[in-house]
Amino acid sequence: MTEPRPRSDSPPVTGTQPQEAEVLQHLLRSPAYLKVLVFCGLIGIPISLAAFWFLVVLHELEHVLWADLPAVLGWDAPPWWWPLPLLLVAGTVVGLVVAHLPGAGGHVPAAGLHTGGASSAALPGVVIAGLAALPFGAVLGPEAPLIALGGGLALLFRDLAQAPATAQGTALLGAAGAAAAIAAIFGNPLIAAVLLIEVAGVGGPQLFAVMLPALLSSGIGSLVFTGLGRWTGLPTGNLSLDLSAPFPRLDAWDVLWGLVLAVALAVALHPVLAAARSVASYVHGRPLARTVQCALGAAACAALYALTTGRTPVEVASSGQSALAALAAEPHSWGVGALIAVLLFKGAAYTLCLGSLRGGPVFPALFLGAAAGVLLAPLPGLGIVPALAAGMAAATATTLRLPVSSVVLVTLLLGSSAMMPVVILAAVVAFAVTELLPGAREQAV
């Protein structure tokens with residue numbers, strides 16, 4: 001009789017798991033990797049300070065150009081023609097930077113967010129183009145210049161410290177510097193880390209293949225625990241703070257209309273992104289003259305919006321970060337005509353700026369999604385807060401092709417996880433629809 005096989009305390013592990021664990025342990029024990037890790041922690045301090053002051057200069061310059069200067073000249077608000085001279089300056093300076101400085105002022109925002117390609121030689125052009133475009137009315141955000149600034153400074157510090165320049169070290173330092181800088185604009189290290197993971201494409205298509213089902217099931221599963229309408233759901237622990245903000249309880253109509261809104265925004269923004277890439281190709285041949293043309297075209301959109309609606313041209317010009325706060329705080333102050341006008345004119349200006357100037361695509365996409373949500377909020381059974389949440393998530397996921405980052409960003413902006421189910425579902429649906437539309441692969445970067 002054979003003796004029974006002794007029982008193991010744990011089941012055998014098969015496949016590649018031991019190999020992957022050994023690789024990770026070897027990496028963590030590697031002196032070179034540990035040196036890079038320590039160096040990344042040290043450079044995070046000066047890079048964060050540089051990013052902070054870059055944002056301070058942008059904010060102060062924007063306030064001077066759009067508030068203080070009109071007040072000095074006797075206007076309570078910028079007149080309708082105010083964007084024209086400002087964006088003329090922006091287009092001229094950015095065009096000169098693109099034509100003559102190393103790095104061309106950073107990558108074209110129509111290509112999405114990138115971590116690669118940052119260098120210390122490109123830093124002057126990135127800073128000048130960002131300072132010329134963003135405060136002067138470009139319909140772009142500061143996140144792309146911050147990523148380039150952080151990555152370039154990290155490599156500059158490496159060169160100053162005379163550290164060895166390896167391919168792995170360059171990639172790690174660039175990503176770490178970009179994360180330190182991007183955390184300054186979003187005010188949260190979590191969104192910076194998640195954004196950089198997706199932007200860097202860690203895991204490639206397999207990452208998205210795994211994330212999308214996980215996101216979708218987690219969004220649907222969270223509805224079971226939070227409850228729909230009068231259904232109170234199942235009792236479960238909650239690590240979030242009990243905020244006093246009056247967030248409504250989601251019901252079935254909020255979810256259904258949120259899905260419709262996600263599909264509509266994906267379909268509507270798809271041609272905007274395609275047109276932006278066409279603008280970028282057009283500008284590439286003669287960067288100075290054609291950048292000025294596109295900047296003046298964006299200025300004309302803001303001027304026409306002001307003439308048509310009687311509202312300030314700032315709502316079309318600039319990133320939309322301040323306008324987003326005003327829209328969320330007082331959505332009922334915007335009439336249907338104003339919302340339609342701002343979607344049309346800001347969408348057109350966004351297209352021109354994406355293909356010609358320098359900046360990031362995040363905040364204009366957030367504003368356009370929020371405006372679409374407020375416009376459709378009167379639909380039967382749809383509330384303003386769920387519509388805002390779904391619109392921002394769908395627009396950001398469509399524009400960035402980064403569904404997880406979109407979910408985290410919108411949730412952090414709302415300051416509550418109460419809308420997270422509809423945020424997740426809108427981001428996943430918008431991302432999937434965008435990927436399935438004709439020409440999506442040509443637009444993907």
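Mentor: Trp75, Trp81 and Trp82 are joined into a cluster by ring pairs. This is a predicted model, in which local features need pLDDT of at least 70, side-chain atom pairs count only at pLDDT 80 or more, and totals for chains, interfaces and linings use all residues. Residues are numbered from 1 along each chain as its sequence is written, and side-chain values use heavy atoms, with hydrogens and water left out.

Trainee: Why is the aromatic pair of Trp81 and Trp82 called tilted?

Mentor: The structure holds seven aromatic pairs. In the pair of Trp81 and Trp82, the centres are 5.6 Å apart and the planes form an angle of 50°. Rings of Phe, Tyr and Trp (its six-membered ring) pair if their centres lie within 6.5 Å; planes under 30 degrees apart are stacked, over 60 edge-to-face, and the rest tilted. The pair is therefore tilted.

Trainee: What makes Trp82 buried or exposed?

Mentor: Buried means under 20% relative accessible area, exposed over 50%, and partly exposed in between (1.4 Å probe, protein chains only). Trp82, at 5%, is therefore buried, whereas Trp81, at 31%, is partly exposed.

Trainee: How do you know that the charged end of Arg311 sits over the ring of Trp334?

Mentor: The criterion requires NZ of Lys or CZ of Arg within 6 Å of the ring centre and within 35 degrees of the ring normal. The charged end of Arg311 is 4.1 Å from the centre of the Trp334 ring. Lys346 likewise lies over the face of Phe367, 5.3 Å from the ring centre.
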